[in-house]
Amino acid sequence: MINRLANKWVLITGASSGFGAAAACAFGAEKSKLLLGARRVDRLEQVAAASRKAGAPAAHVQSLDVTKTSSVEDFVKWVRGHADKVDVLINNAGGALGLDPVATGKDEDWETMFQSNVLGVLRMTRAALPLMVNNPGSYILNIGSVAGHVAYEGGAAYCGAKAAELQITRALRLELNGTGVRVGTIDPGMAETEFSVVRFKGDTARAKKVYEGVEPLTAEDLAEILVWVASRPPHVCVDELLVKCTDQAAIHKVHRRKVN
Ligand code: NDP
Ligand code: 8X3
């Protein structure tokens, strides 16, 4: 079997937990070289150590806040100190804040969700593109959500942000046609990561309830999918992939087993 990911430079935003951390280990196991960013550098260091243990020949970490242009630009400057190209860019940093209806929504939650999930993807892609456009077969993989396809109550801003991410991915796919750079979005349904703890601002009991009686996706499920997508041959582009756990037939149709 050919290993198309060995010694490739994989840049992952939001690599300090959840999908990003699991992806770092999964790409590490494929012998990819890692460039990992997030705000919690102590957590990134732990992820880098686990990735090296999994097989990564290199795992570098750097502080990154995708809500700030200067942080993204500094991060990519730092990337250039390690690598002269990026083979896979995973725009994963983001998440939801709150589940308030629009009537009682908070400016700071809305602003953070659009800053990270939407503007963060645009900023990081703009900054990293010069390291990708002369590298046919490189891949920009954005993490969207089922929420970008179907709205739910209390999700106006998050669903809106992920819908924007979907259209950004589609526009980029058109803009980069002919360069050989691939662009795709992986859009998961419910997955048990720190996502709900962050959404409910540290209320772990409320976060736990989201997955009660359900077998949700795991971060490792997503990581396995990202590795599979990124390891297709250069002429194959997975444009859009919707992935839900078997128990989630639709946003509003989730099968829950009785719990004692
Ligand atoms: P986690 O909360 O476990 O991970 C989120 C990651 O994003 C963390 O590493 C966090 O790092 C990072 N992050 C958040 N804000 C910023 C920022 N401003 N700058 C840099 N990094 C940031 O959740 P998931 O792994 O589940 O989420 C990853 C992505 O998947 C998100 O885009 C989310 O919207 C999406 N998603 C999640 C689903 C789920 O059900 N879990 C389903 C569909 C999509 P740090 O705090 O250290 O900066
Ligand atoms: C996360 C999935 O359904 O909580 O993007 O919005 S959902």
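How many nonpolar, polar and charged residues does the shell around ligand 1 have? In this predicted model, the shell has 13 nonpolar residues, 13 polar residues and five charged residues. In total, 31 residues surround ligand 1, and the closest are Ser-16, Ser-17, Arg-39, Tyr-158 and Thr-193.

An oxygen atom of ligand 1 lies 3.5 Å from a backbone N or O atom of Gly-18. An oxygen atom of the ligand is also found 3.0 Å from a polar side-chain atom of Lys-162. At Val-66, a polar backbone atom is 3.0 Å from a nitrogen atom of ligand 1. The protein buries 95% of the 870 Å² that ligand 1 exposes when taken alone. Helix 1, helix 5 (156-175) and helix 6 (195-199) are the elements that give two or more residues to the shell around the ligand.

The largest nonpolar core comprises 40 residues, of which Phe-27, Leu-36, Ile-90 and Leu-141 touch the most other members. Two or more residues of this core come from each of strand 1 (9-13), helix 1 (18-29), strand 2 (33-38), helix 2 (41-54), strand 3 (58-63), strand 4 (88-91), strand 5 (139-143) and helix 8 (219-230). Helix 8 gives the most, with seven residues. In soluble globular proteins, nonpolar side chains tend to be buried together.

Leu-36 touches, among others, Ile-12, Ala-24, Leu-44, Val-47, Val-61, Phe-75 and Trp-78, with residues up to four places away in sequence not counted. Another core, of 29 residues, lies apart from the largest one and includes Trp-9, Leu-35, Leu-89 and Ile-140.

Methods. Residues numbered from 1 in each chain as written. Chains lettered and ligands numbered in written order. Predicted model: local features only at pLDDT ≥ 70, side-chain atom pairs only at ≥ 80, totals over all residues. Heavy atoms only, no water. Core = buried A, V, L, I, M, F, W, Y, C linked by side-chain atoms within 4.5 Å. Buried < 20%, exposed > 50% of the residue type's maximum accessible area, 1.4 Å probe, protein only. Helix = DSSP H or I, 4+ residues; strand = E, 2+ residues; numbered from the N terminus. Contact = heavy atoms within 4.5 Å. Near = heavy atom within 4 Å. Polar contact = N/O pair within 3.5 Å; in protein donor to acceptor, adjacent residues only side chain to side chain. Areas by Shrake-Rupley, 256 points an atom, 1.4 Å probe, with all protein chains shown as cover. Nonpolar A, V, L, I, M, F, W, Y, C, P; charged D, E, K, R; others polar.
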